[in-house]
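Subject: Structure handover

Hello,

The structure we discussed is below, followed by notes on what was found in it. Please look it over when you have time.

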Amino acid sequence: MHASQLFDLSGEVALVTGASSGLGERFAEVLAAHGASVAVAARRAERLASLVERISDVGGKACAVELDVSDQGAIAGAFDAAEAAFGTATILVNNAGVAGNKAVFDVTPEDWRKVMSVNLDGVWFAAQEAARRMKDAGRQGNIINIASVLSFRAARTVAAYAASKGAVLQLTRNLALEFARYDVRVNAIAPGYILTEINKDYFESDDSAPMIKRIPQRRIGDVSDLDGTLLLLASNKASGYMTGSTVVVDGGHLLPVD
Ligand SMILES: NC(=O)c1ccc[n+]([C@@H]2O[C@H](COP(=O)([O-])OP(=O)(O)OC[C@H]3O[C@@H](n4cnc5c(N)ncnc54)[C@H](OP(=O)(O)O)[C@@H]3O)[C@@H](O)[C@H]2O)c1
């Protein structure tokens with residue numbers, strides 16, 4: 001099959017959480033450019049509106065859905081809105097996430113809850129809702145969770161974030177196991193450091209130089225570095241026999257060094 005067919009997402013409906021900036025914004029644009037209708041979800045409505053306009057301007061289909069993924073009661077309504085616009089969501093990109101860098105003794109119960117409620121609870125409830133709807137509609141579907149290199153490695157000041165992303169990795173495997181019988185695939189992307197608003201201050205300061213030096217490719221990633229992996233996982237034609245996988249895209253960051 002030619003690549004243009006292999007990655008053709010026409011007829012698919014994607015819901016991307018955290019689509020108001022960074023990776024999520026890029027994911028929405030890439031999915032729309034390959035034919036999917038895309039519901040872009042996040043809290044900042046004005047940024048979603050301008051993303052919808054940009055996608056529409058280049059001939060894509062998108063709608064904005066205001067959503068706080070940590071609000072469990074709001075998840076079903078977001079899927080309803082996507083469904084009303086385009087039909088059952090057949091692709092969910094569980095991308096919304098927050099960092100919250102602090103040394104362990106400085107992390108308050110509220111800090112911990114915030115990270116867990118967005119990065120883990122949000123992923124859980126959205127995946128549950130998406131898969132239930134795919135199953136009820138009898139539609140083949142797939143869920144792409146955004147993990148991190150911190151699903152695998154430890155680093156200072158990110159214990160809560162790393163714990164949440166470690167859990168996303170295990171959730172990916174366990175949901176894949178349970179949803180396989182319904183023809184719903186669940187995979188994850190574990191990005192290394194990609195320049196976005198979540199880490200802009202750090203990577204634009206000199207403090208980041210030693211970190212960049214430790215990356216074998218000697219650079220941090222660009223949002224476009226994830227395009228191919230996203231399309232691979234989103235397309236049932238390209239990755240129909242992949243489920244429970246986590247694809248690391250990190251410039252070699254996780255490679256052991258001696
Ligand atoms: N950049 C990296 O180096 C990197 C590496 C590994 C993994 N990741 C992961 O990639 C994902 C995207 O991060 P990013 O780098 O693109 O960061 P970002 O630019 O800060 O984007 C985070 C997105 O999450 C949304 N969000 C935050 N809290 C939310 C909530 N309660 N409900 C709904 N949406 C919420 C934000 O939208 P609103 O504020 O409008 O709600 C925003 O669109 C995260 O899961 C992050 O952990 C990033």
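The protein has ten helices and seven strands, taken as DSSP runs numbered from the N terminus (helices H or I, at least four residues; strands E, at least two). This is a predicted model, in which local features need pLDDT of at least 70 and side-chain atom pairs count only at pLDDT 80 or more, while totals for chains, interfaces and linings use all residues. Residues are numbered from 1 along each chain as its sequence is written, and side-chain values use heavy atoms, with hydrogens and water left out.

Overall shape: the radius of gyration is 18 Å, which agrees with the value near 18 Å for a compact globule of 258 residues (C-alpha atoms; the rule is 2.2 Å times the number of residues to the power 0.38). Along the principal axes, the C-alpha atoms fill a box of roughly 45 × 45 × 40 Å.

Ligand: there are 30 residues around the ligand, and Ser20, Arg43, Tyr161, Ile194 and Thr196 come nearest (a heavy atom within 4 Å counts as near). The shell comprises 15 nonpolar, ten polar and five charged residues (Ala, Val, Leu, Ile, Met, Phe, Trp, Tyr, Cys and Pro are nonpolar; Asp, Glu, Lys and Arg charged; the others, Gly among them, polar).

Polar contacts are pairs of N or O atoms within 3.5 Å. An oxygen atom of the ligand lies 2.5 Å from a side-chain N or O atom of Thr196, and a ligand oxygen is 2.9 Å from such an atom in the side chain of Ser21. The protein covers 95% of the 880 Å² of accessible area that the ligand has on its own (Shrake-Rupley, 1.4 Å probe).

Regards

Technical notes. A polar contact is a pair of N or O atoms within 3.5 Å; within protein, one must be able to donate a hydrogen and the other to accept it, and residues adjacent in sequence count only if both atoms are side-chain atoms.
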